[in-house]
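Have the sequence and the 3D view ready side by side. We'll start with a helix, move to the sheet, and finish with a single residue.

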Amino acid sequence: MSSIWINGKLVPENQATVSVFDHGLLYGDGVFEGIRFYHGQAFMLEAHLQRLQESAAFILLQIPYSNTELATAVKMTIDAYAKAEGYIRLLVTRGKGPLGVDPAYCTTPTVIIVADELKVVDEATRQHGINAAIVATRKIPNTCWDARVKSLNYLNNVLARLQIRNSQAQEAIMLNEAGYVTEGAMNNLFIVKNKQLLTPPVTDGALAGITRQLILQLALENGIDAAEKSLTPYDLYNADECFLTGTGVELLPVRMIDDRLPGACPGPVYRQLSQAFSGYITQMTQGKIHAQIL
Ligand code: PMP
């Protein structure tokens, strides 16, 4: 059973409700984080809270709790969940207000933390890799809102996922207005070309994924040449390897993109990083790593 914390206290699921006048519901006005916990410990929590604060700052939303208070609340929610592994959804909405988009009349943000089960990728899929497709839905340009803002408004991503509904693909890759690759609808994207690890810069329209950042750090520590670089569909179709990263999927190899086969799946760089990632989780949950990502 899930455990839920709302505005300062744990509440049973049937009492975990928000107002129909909450602007998070009415307008998607709010920000969120998806956080995983391993062995009862929230993974990369500081990095997630930092991103939450930055998303909130962008939309001029003052979170009524400090990061220390939020970390305590997350721990309390995980402890109440009573399972060692799972997923945390932490969201902050603009709160209750009159009908009308103006946030000026919303005085108290709603802060919600849910701990629940995570549908994890099964081992066979992870070994085989998934299919991905480049979809027609373009990423909302950074000139509208910066892709680093993890806002409650995911309609753009929902539309991308709808496009692959009746296809063989499990992830939709979105391009920006200029035709450059941004990311998957729910995950960041990496390719390997000539032994170099490449991922689109956030300025092209990718979320500053926590897993993405960790992978770039682990590449550095493991002697893998890595760079942020604008990528086109051509680069994807001719990649030596391709994989996705995200809190839920961790690292997930891509076997085929639009019927083209990247070189190897899972490829050697994926394997090396995947192993480094598992090692990092173990060390972090054993308390051997205190420093978060660079
Ligand atoms: N891009 C999008 C659009 C996402 O929703 C997610 C999942 N949070 C990611 C990338 C991966 O980010 P992270 O590694 O922080 O989970």
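## A helix across the strands

Helix H8 (residues 268-285) lies across S10, S11, strand S13 (241-246) and strand S14 (250-257). H8 runs at about 160° to S14; axes are lines fitted to C-alpha atoms, for helices over the stretch in contact (heavy atoms within 4.5 Å), and angles run from 0 to 180 degrees between N-to-C directions. Helices (H or I, at least four residues) and strands (E, at least two) are DSSP runs, numbered from the N terminus.

This is a predicted model, where local features need pLDDT of at least 70 and side-chain atom pairs count only at pLDDT 80 or more, while totals for chains, interfaces and linings use all residues. Residues are numbered from 1 along each chain as its sequence is written, and side-chain values use heavy atoms, leaving out hydrogens and water.

## The sheet

Follow the strands in the order S9-S8-S7-S14-S13-S10-S11-S12 and you have an open sheet of 8 strands with mixed pairing (two strands pair if DSSP finds at least two bridges between them). S9 (181-184) and S12 (226-228) each have a single partner strand, so one side of each has no neighbour in the sheet. From one strand to the next, the twist averages 35°.

Now zoom in on S10 (residues 188-193) and S11 (residues 196-199): they pair in the antiparallel sense over 3 bridges. Ile191 has Leu198 in S11 as its bridge partner.

## A residue in a loop

Ile164 sits in the loop between helix H5 (155-163) and strand S8 (171-175). Is Ile164 buried or exposed? Its relative accessible area is 7%, so Ile164 is buried (under 20%; exposed is over 50%, partly exposed in between, with a 1.4 Å probe and protein chains only).

Leaving aside neighbours within four places in sequence, Ile164 is in contact with Ala133, Val135, Ala169, Gln170, Glu171 and Ala172.
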